[in-house]
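Subject: Structure handover

Hello,

Here is the structure I promised to pass on. My notes follow below it.

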Amino acid sequence: MNIDPNKIPIHVAMILDGNGRWAKKRLLPRTFGHRKGAFNIVDVAKACEAIGIKYLTMFCFSTENWNRPESEINYIMNAPIRYFKRYREKIAKSSFRIRFIGRRDRIPALLLNTLNDMEEITKNHTGITLTLCVDYGSYDEITTAAKEITQLALDGKIKVDEITPELIEQHLFTKDFPKLDLLIRTSGEIRISNYLLWQLGYAELYFTDTLWPDFDEKELEKAIQSYQSRNRRFGGLNDNK
Ligand code: IPE
Ligand code: MG
């Protein structure tokens, strides 16, 4: 890959979009796109790990995706159970540390058990931290943080003046994650869709027309090259100014 090994982003997030259109183009049911898209998560995570990215955070199912047809939701909720069962041993031996973030009170119990099991069997792995966001939405995440912090204040455990950006971060799902460096969204949509709104504060954004199932190592390379060409100033000035 033609990328600078000294400027690799530490934490990359991805909005996986375009599974349905990928299937439609081939006159296949949408679920075929989700299947291909799910396998692609593993390939892209491996490619990210190979270039030295430490955290990869993928948007798999949003708090708004419940508005989809029941049959599609059923597929998305059940496919990971089958997948993780089939590949459990392989995952246990892999380098990936797998984590899940999002609401835990609406997904089926069987899926929740599977996700907990995957986290447990990979918790000491030292490779890339692959976080799958399931029933995740930033409005929900930030509202939950606001409730927790308000409760701390009402209970007299903190003073209102002690509410800082750092404290708010401690109440987000991503509390022990490094700062987000880069967000990639596939399929040509130029929006954030309630994803990691707080965490995106100073991330670089990269949008590509490529549909998620077609996003491969070459596409990753292009995204990283674009990231490396950016001048990140975090509100300050360039060194030479
Ligand atoms: C992304 O692909 C996967 C999920 C949101 C679950 P889409 O299902 O949104 O695919 P399009 O946007 O219809 O092509
Ligand atoms: Mg979509």
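The side chains of Asp17 and Arg21 are joined by a polar contact of 3.4 Å. A polar contact here is a pair of N or O atoms within 3.5 Å; within protein, one must be able to donate a hydrogen and the other to accept it, and residues adjacent in sequence count only if both atoms are side-chain atoms. Asp17 sits in the loop between strand S1 (11–15) and helix H1 (19–25). Helices (H or I, at least four residues) and strands (E, at least two) are DSSP runs, numbered from the N terminus. Asp17 is buried, at a relative accessible area of 16%. Buried means under 20% relative accessible area, exposed over 50%, and partly exposed in between (1.4 Å probe, protein chains only). Beyond residues up to four places away in sequence, Asp17 touches Arg185, Thr186, Ser187, Glu189, Leu211 and Trp212. Contact means heavy atoms within 4.5 Å.

Before going further, two notes on conventions. This is a predicted model: local features need pLDDT of at least 70, side-chain atom pairs count only at pLDDT 80 or more, and totals for chains, interfaces and linings use all residues. Residues are numbered from 1 along each chain as its sequence is written, chains are lettered from A and ligands numbered from 1 in the order in which they are written, and side-chain values use heavy atoms, with hydrogens and water left out.

Ligand 1 next. The residues around ligand 1 are Leu16, Asp17, Gly18, Asn19, Gly20, Arg21, Arg30, His34, Cys60, Asn65, Arg68 and Ile76. A residue counts as near if one of its heavy atoms lies within 4 Å. This shell divides into three nonpolar, five polar and four charged residues.

- Gly18, through a backbone N or O atom, at 3.4 Å.
- Gly20, through a backbone N or O atom, at 2.9 Å.
- Arg68, through a side-chain N or O atom, at 2.7 Å.

On its own, ligand 1 has 380 Å² of accessible area, and the protein covers 87% of it. Areas come from the Shrake-Rupley method with a 1.4 Å probe; for residues, only the protein chains shown count as cover. H1 and helix H2 (30–51) are the elements that give two or more residues to the shell. H1 gives the most, with three residues.

Now the loop between strand S2 (55–62) and helix H3 (70–86), where Thr63 is placed. Thr63 is buried, at 14% relative accessibility. Its side chain makes a polar contact of 3.0 Å with the side chain of Glu64. Asn67 is exposed, at 69%. Asn67 and Ile15 are 52 residues apart in sequence and 18 Å apart in space, C-alpha to C-alpha.

On to the cores. A nonpolar core is a set of buried Ala, Val, Leu, Ile, Met, Phe, Trp, Tyr and Cys residues joined through side-chain atoms within 4.5 Å. The largest has 45 residues, and Met14, Leu56, Met58, Ile184 and Leu220 have the most contacts inside it. H3 provides the largest share of this core, seven residues. Another core, of twelve residues, lies apart from it and includes Ala13, Cys133, Leu180 and Leu183. Leu56 touches Val12, Met14, Ala45, Cys48, Ile128, Thr129, Leu130 and Thr131, not counting residues up to four places away in sequence.

Asp135 has a positive phi, near 50°, in a residue other than glycine. Asp135 belongs to strand S4 (residues 129–136) and is buried, at 0%. Phe234, again not a glycine, has a positive phi near 50°. Phe234 lies in the segment after helix H8 (217–228) and is partly exposed, at 49%.

Last, Ser138, in helix H6 (residues 138–154). Ser138 is buried, at 0% relative accessibility. Leaving out neighbours within four places in sequence, Ser138 is in contact with Asn194, Tyr195, Leu196 and Leu197. Ser138 and Leu172 are 34 residues apart along the chain, with 9.3 Å between their C-alpha atoms.

Best wishes

Definitions and conventions
Ala, Val, Leu, Ile, Met, Phe, Trp, Tyr, Cys and Pro count as nonpolar, Asp, Glu, Lys and Arg as charged, and the others, Gly among them, as polar.
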